[in-house]
Amino acid sequence: MQVMTFNPAQPGSGEPEVETLAPRPEPPPSSLSRQSQSMPRVTPVAPERTIGEPRVRNAAITSRAVSVHYGAKRALFDIDLDIGRFEVTALIGPSGCGKSTFLRCLNRMNDTIDGCRVTGDIRLDGLDVMSPSLDVIQLRARVGMVFQKPNPFPKSIYDNVAYGPRIHGLVRTKPETDELVERSLTRAGLFEEVKDRLKAPGTSLSGGQQQRLCIARAIAVEPEVILMDEPCSALDPIATAKVEQLIDDLRKNYTIAIVTHSMQQAARVSQRTAYFHLGRLVEVGPTGHIFRNPEHQLTVDYITGRFG
Amino acid sequence: MTSRGRSPSRLPSAPHAVPAPGAPAGRSVPPSPHRSALAAARTRRRQRSERWFRACGAAAISLGLAFVVALFVSIISQGHSAFTQTQLRLDIEFSPTVLELTAANPSAEELGKLDYLSLIRESLTRKFPEVTDRKERRELVGLVSSGAPFVLRDLVLQDPTLIGQTRSLWLVADDDVDMVVKGAIDRAVPEAERRIKDRQLVWLDRLAAEHRIEGHFNWAFFTSGDSREPELAGLGGALVGSVYTLLLTLALSFPLGVAAALYLEEFAPKSRWLDLIEVAINNLAAVPSIVFGLLGLALFINFVGLPRSSPLVASLVLTLMTLPTIIIASRAALRSVPNSIRQAALGVGASKRQTVLHHVVPLALPGMLTGTIVGMARALGETAPLLMIGMVAFLVDIPGSVTEPATLLPVQIFLWADSPERAFAERTSAAIIVLLVFLMLMNSLAVILRQRFEQRW
């Protein structure tokens with residue numbers, strides 16, 4: 001476990017500005033209670049400050065005071081959360097709690113949604129992700145994504161994997177491409193199953209294979225971070241087990257943030273867990289700690305299956 | 001009681017009726033609203049109305065098919081005869097004296113100016129020496145098409161050594177002869193009421209007895225331009241005009257329409273303006289085509305000064321007319337591409353342009369092509385706007401470029417339908433057949449293109 005309490009004097013942790021890491025002044029409580037009036041009342045209410053330590057040393061991604069509005073509706077309230085390097089961070093919470101929204105902030109996929117407005121500060125190794133001058137294409141090459149439903153391109157398995165490297169100019173020649181495709185499929189644990197039919201359409205694979213193809217497609221671009229938005233929700237238990245094993249293997253080389261509805265999955269694959277509730281980050285901490293000793297009543301209720 | 005609703009008739013023999021082993025014997029089945037006599041009546045009523053519903057649909061289809069069949073039978077039965085042309089075999093002596101040729105080595109210009117009609121007159125006089133009266137001789141020569149001397153001239157120009165020789169040649173007959181041979185002119189009608197005299201019928205019968213009258217395939221119908229003489233009139237000009245116009249319309253409207261649809265669907269931010277544009281496009285698709293013709297007349301001819309009745313102006317007008325159709329179809333095709341594909345592409349770091357060009361457009365292409373070809377087919381059959389831009393003119397020449405005056409297939413049909421000669425009636429139907437074949441070819445092209453592109457999943 002790499003989770004540590006935050007130490008401002010930590011050098012070389014990749015944190016950009018000390019100021020952004022300092023605890024923010026308390027937001028005026030009046031504004032907060034006004035915000036929550038449109039939300040359905042659930043008792044107990046989410047705390048104003050996240051329980052646990054949202055920051056980690058040597059984070060790959062840091063986010064500070066991230067808020068998201070969909071039109072007039074506020075979906076996220078001042079989220080502070082770091083994604084630790086070379087570990088799996090699980091984002092859990094009931095439907096509509098904002099965990100997928102938060103995930104999509106990290107590679108600016110929210111840009112594609114009309115009326116979505118993101119504020120706050122997100123940094124990928126010091127790079128200002130929110131900057132309007134940032135080239136999102138470059139960002140998405142560094143922060144790959146795997147979606148809820150397996151969505152291979154309607155092309156061959158080979159082309160699915162080769163597409164990303166080709167458009168980013170990572171491969172020039174056919175042998176280079178072949179090698180990268182093989183390496184990516186092998187890392188995704190799919191190569192042995194598909195090596196004889198690389199020219200077959202990606203959509204001809206089974207659901208679990210398709211999802212692993214999507215993971216292979218994501219890692220072929222050689223990202224630093226992989227975001228996974230409920231990658232197993234459309235898969236059967238056997239395929240899920242394979243993908244979970246794969247996620248665990250990938251942790252050695254990649255930073256992973258995974259949204260999941262399955263508590264068991266979060267417990268199995270992640271090292272840190274963040275519990276979201278109605279747009280707020282309620283509690284965050286080492287996975288073992290969150291599942292064994294949840295502090296907030298909402299976390300307790302969710303983990304024990306009282307709602308969600 | 002799972003089987004009752006579906007097939008009550010099979011119920012008595014159904015194995016479900018056998019009580020399960022170990023079930024308490026003699027236990028009564030609890031009452032249910034689905035097992036009463038009323039329920040059976042409801043079932044029968046529902047089944048009856050289902051059958052009615054199906055029958056209505058089948059009747060509608062049959063009625064529609066009947067109309068289509070009636071249309072085709074009527075047009076083909078009237079038009080098929082125009083594809084053959086009655087020809088007369090005459091022994092033509094290319095005599096220099098009859099031609100009044102004086103020069104020993106005549107130039108092409110001199111040969112072109114000779115009176116070739118006299119050759120035909122001479123040939124017929126030799127065949128029917130008893131005809132001496134001036135009026136009768138004019139009627140006799142009238143059996144042959146007025147275009148025949150030009151055929152002879154072209155033969156001589158091609159091969160000047162023909163002068164002095166005698167050849168047995170098939171020459172196109174006059175349209176009235178054609179109509180008699182095809183049975184469209186009734187011999188029983190009194191002479192004063194038909195366009196062909198009794199004398200001429202006698203001569204025709206004599207020629208027929210000598211096997212000098214035959215129907216030949218009418219190639220000229222596809223190659224020559226329009227003419228006042230039905231036997232010389234062809235669709236060549238209209239076909240060339242239609243092809244020019246259609247190709248130009250396609251070249252203008254497909255890229256414009258697809259680009260507009262791509263921008264509106266993939267790039268434009270949602271706004272009030274977008275809604276306004278959408279409403280405007282939908283309304284434009286419903287604007288009567290003659291209004292587009294007026295616009296073309298005012299804008300392209302009067303304001304810009306493009307040549308009147310040219311395929312260029314026609315295609316501009318038809319582009320305006322088909323653009324809304326293509327945009328709407330292309331937008332629908334783009335909208336049907338699953339969003340997960342766009343997300344997948346954006347997720348691996350494809351730019352918006354790469355996402356659209358590499359993933360969205362290939363999937364939407366079959367739909368776009370279908371919309372475009374439907375639009376093109378509509379453009380091909382359009383007449384009203386063409387009348388407004390002066391394409392209704394009588395044109396003999398086949399257009400050589402898109403700026404030359406031309407006529408199009410539907411306009412040609414309109415012109416011929418207006419002509420009084422009996423022979424134009426069958427030509428009108430034949431032209432409709434050609435137009436329909438043209439349309440079917442285009443539609444099959446659409447189907448082929450669709451399948452080709454859909455094979456890429």
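How many Å separate the centres of domain 1 of chain B and domain 2 of chain B? Hold that thought for a moment, everyone. Before anything else, please remember that this is a predicted model.

So, the domains. The assignment for chain B gives domain 1 as residues 84–217 and domain 2 as residues 236–454. Taken over C-alpha atoms, the centres of these two domains of chain B are 46 Å apart.

Let's step over to chain A. Chain A contains 12 helices and 10 strands. It has 308 residues, and 46% of them count as buried. If we take the contacts in chain A with a separation of 6 or more, 71% come from residues 24 or more positions apart.

Now please find the sheet in chain A. Six strands make up an open sheet with mixed pairing, and the order is S6-S7-S8-S3-S9-S10. At the edges sit strand S6 (143–146) and strand S10 (280–286) of chain A, each pairing on one side only. On average, and ignoring direction, neighbouring strands of this sheet are turned by 15° against each other. For one pair, look at strand S3 (residues 88–92) and strand S8 (residues 255–259) of chain A: they run parallel and are joined by 4 bridges.

Where do the two chains meet? On one side we have 22 residues of chain A, in contact with 15 residues of chain B. The elements of chain A that give two or more residues to this side are helix H4 (136–142), S6, helix H5 (157–167) and helix H8 (207–220). By type, the chain A side divides into 12 nonpolar, 6 polar and 4 charged residues.

That brings us to helix H14 of chain B, residues 339–347. Which residues of H14 in chain B are buried? They are B:Gln343, B:Ala344, B:Ala345, B:Leu346 and B:Gly347. These buried residues pack against H4 and S6 of chain A, together with H15 of chain B. Just after H14 of chain B, you will see B:Gly349 with a positive phi of about 90°.

Helix H15 (residues 352–380) and helix H18 (residues 422–454) of chain B have axes that come within 9 Å and cross at roughly 175°. A crossing angle over 145 degrees counts as roughly antiparallel, and therefore H15 and H18 of chain B are roughly antiparallel to each other. Among the residues that meet there are B:Leu365, B:Leu369 and B:Ile373 in H15, with B:Phe438, B:Met442 and B:Leu449 in H18. The residues of this contact divide into 14 nonpolar, 2 polar and 2 charged.

One last stop, for those who like a single residue to look at. B:Ile120 is found in helix H4 of chain B, residues 117–127. Is B:Ile120 buried or exposed? A residue counts as buried if 20 or more other C-beta atoms lie within 10 Å of its own. B:Ile120 has 23 other C-beta atoms within 10 Å, so this residue is buried. Beyond its neighbours within four places in sequence, B:Ile120 is in contact with B:Leu90, B:Val141, B:Val144, B:Ala148 and B:Pro149. B:Phe94 lies 26 residues from B:Ile120 in sequence, and their C-alpha atoms are 9.6 Å apart in space.

Key:
Residues numbered from 1 in each chain as written. Chains lettered and ligands numbered in written order. Predicted model: local features only at pLDDT ≥ 70, side-chain atom pairs only at ≥ 80, totals over all residues. Pairing = 2+ DSSP bridges. Axes fitted to C-alpha atoms, helices over the stretch in contact; angles between N-to-C directions. Buried ≥ 20, exposed ≤ 12 C-beta atoms within 10 Å, placed from the backbone. Contact = placed C-beta atoms within 7 Å. Domains from an automatic or database assignment. Nonpolar A, V, L, I, M, F, W, Y, C, P; charged D, E, K, R; others polar. Parallel < 35°, antiparallel > 145°, perpendicular 65-115°, else oblique.
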